[in-house]
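Here is a short report on a protein model.

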Amino acid sequence: MSGPINIGLLGLGTVGSGVVRLLQQNGGAIAQKLGRPLKISRILVRDRHRTRQVEVSPDLLTTDPETILADPDIPIIVEVMGGTGAAREYILKAISQGKSVVTANKDLLALYGKELFDAAEASGVDLFFEASVGGGIPIIHPLKECLAGNRIRQVIGIVNGTTNYILTKMSREGRDFAEVLKEAQSLGYAEADPAADIEGDDAARKMAILASIAFGTRITYPDVYREGISNLTAQDISYAADLGYAVKLLGIAREDEEGIEVRVHPALVPLNHPLAAVSDVFNAIFVEGDAVGETMFYGRGAGSMPTASAVVGDIMEAARNIQHKTRGRISCTCFYDKPLKPMGAIITKYYLRLVVVDRPGVLASIAGVFGEREVSLASVIQERMLGELAELVLITHRVREQNMQDALGVLAGLPVVKEIACVVRVEGGESG
Ligand code: NAP
Ligand code: HSE
């Protein structure tokens with residue numbers, strides 16, 4: 001067996017520790033598969049004296065990136081620091097030095113993907129990022145390679161582990177949002193700033209990456225419409241369950257004749273849809289291609305070892321390519337410049353909860369506002385009385401978003417409508 005391939009690890013937090021642990025645990029078998037062992041020869045951290053989640057020799061730790069980036073004996077850099085500042089600088093520097101890069105950093109890819117892929121192509125090195133979407137789930141390689149012969153119609157995913165964990169615990173155990181979020185943080189699922197999970201930003205970054213690959217056109221994070229889960233109440237989750245739906249934070253990317261839509265928002269998903277059964281930290285990505293039909297990729301979407309699984313797979317591929325002198329085989333696949341649909345043009349169903357005055361004729365006036373804007377109601381339930389007021393839960397048929405927004409604008413001005421308490425899209429049923 002030849003000598004080891006050296007790896008420079010940038011970051012030793014949740015994911016970095018998992019990478020070290022996995023290489024310690026399965027290093028022998030990995031060396032057999034590659035014909036050479038992998039060796040972590042240097043690790044960049046901010047604080048060398050911090051207690052670590054994994055045992056490493058203190059001599060490996062450094063706070064000086066140059067000792068890694070300028071070392072000609074390190075051909076692979078693994079970036080698991082996070083953020084878009086230093087991480088971007090170090091990755092570009094590594095690429096310019098002819099090093100292949102493995103990263104889990106969706107924030108960076110969803111903003112600066114083009115710059116990074118162009119740089120990797122110019123230097124003829126690999127830039128792999130399987131862990132950036134879906135934690136341990138293989139989805140980037142399948143989209144770029146196994147499904148490359150398809151025209152992809154849609155990608156619908158539960159791509160944030162933290163919010164799926166929170167929604168599962170809220171709906172099954174009736175637990176408090178803040179308490180469950182703390183638990184998700186302690187399990188290493190949440191981002192450094194958990195608002196990125198809660199407000200849908202993390203999922204939007206992942207959907208920008210998936211949509212770019214699926215449709216062959218560059219979608220960046222600001223292109224993705226997003227709403228988070230912070231306005232959902234236990235009451236709405238419970239009403240949704242009574243109506244036969246689970247509430248999930250969905251990422252949706254679709255292409256049709258009008259263009260591409262990419263959006264992240266909470267959605268009611270019918271309980272018989274496969275995505276409704278995806279619970280806790282698990283993620284799932286439902287992909288529909290013209291040849292393959294429907295496929296679904298499922299697994300743990302966050303956490304130390306599942307994410308390390310994806311990172312180590314990428315390291316092994318980069319190492320194999322180095323051995324076979326074939327780096328940079330699959331570079332950027334954004335060949336087109338396709339139009340993005342405005343949010344007003346999307347078509348979907350809606351769940352609405354309204355608080356209204358309880359007197360004859362109120363329902364008719366609300367139905368009239370919807371009818372004038374071609375919003376057709378599939379069901380209306382009077383859930384409970386709130387003193388003098390009544391709570392209505394409505395589900396619509398499929399309608400253009402702009403018509404619904406217009407109707408909501410008029411309803412908000414009706415004296416008999418006291419509150420538009422909740423508006424959530426309904427997805428995953430017939431025709432979407
Ligand atoms: P983390 O636990 O906060 O760890 C970050 C590590 O990077 C720490 O070891 C930190 O050093 C080091 N670091 C950060 N900035 C640095 C700088 N400027 N200079 C030197 N070292 C620096 O983060 P994580 O959860 O492992 O996430 C890492 C990346 O993976 C992020 O891009 C994240 O989005 C992505 N990701 C995470 C998960 C997950 O489940 N956590 C899953 C998929 C992808 P110190 O330890 O000394 O502070
Ligand atoms: N914070 C992310 C999540 C980590 O909860 O899904 C995995 O990317």
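The notes below start with conventions and then turn to the fold.

## Basis

This is a predicted model: local features need pLDDT of at least 70, side-chain atom pairs count only at pLDDT 80 or more, and totals for chains, interfaces and linings use all residues. Residues are numbered from 1 along each chain as its sequence is written, chains are lettered from A and ligands numbered from 1 in the order in which they are written, and side-chain values use heavy atoms, without hydrogens and water.

## Sheet

An open sheet is formed by 6 strands, in the order β3-β2-β1-β4-β5-β6, with parallel pairing. Strands (E, at least two residues) and helices (H or I, at least four) are DSSP runs, numbered from the N terminus. Two strands pair if DSSP finds at least two bridges between them.

Strand β2 (residues 38–44) meets β3 in the parallel sense over 2 bridges. There, L44 stands opposite T62 of β3.

## Helices across the sheet

Helix α1 (residues 14–34) lies across β1 (5–10) and β2, at about 160 degrees to β2. Helix α11 (residues 304–324) lies across β1, β2, β4 (76–79), β5 (100–103) and β6, at about 165 degrees to β4. Angles run from 0 to 180 degrees between N-to-C directions, with axes fitted to C-alpha atoms, for helices over the stretch in contact. Contact means heavy atoms within 4.5 Å.

## Cysteines

The structure holds 0 disulfides, a disulfide being a pair of cysteine sulfur atoms within 2.5 Å. C334 is in no disulfide either; the nearest cysteine sulfur, that of C332, is 4.2 Å away.

C146 is exposed at 62% relative accessibility. C334 is partly exposed, at 22%. Buried means under 20% relative accessible area, exposed over 50%, partly exposed in between (1.4 Å probe, protein chains only).
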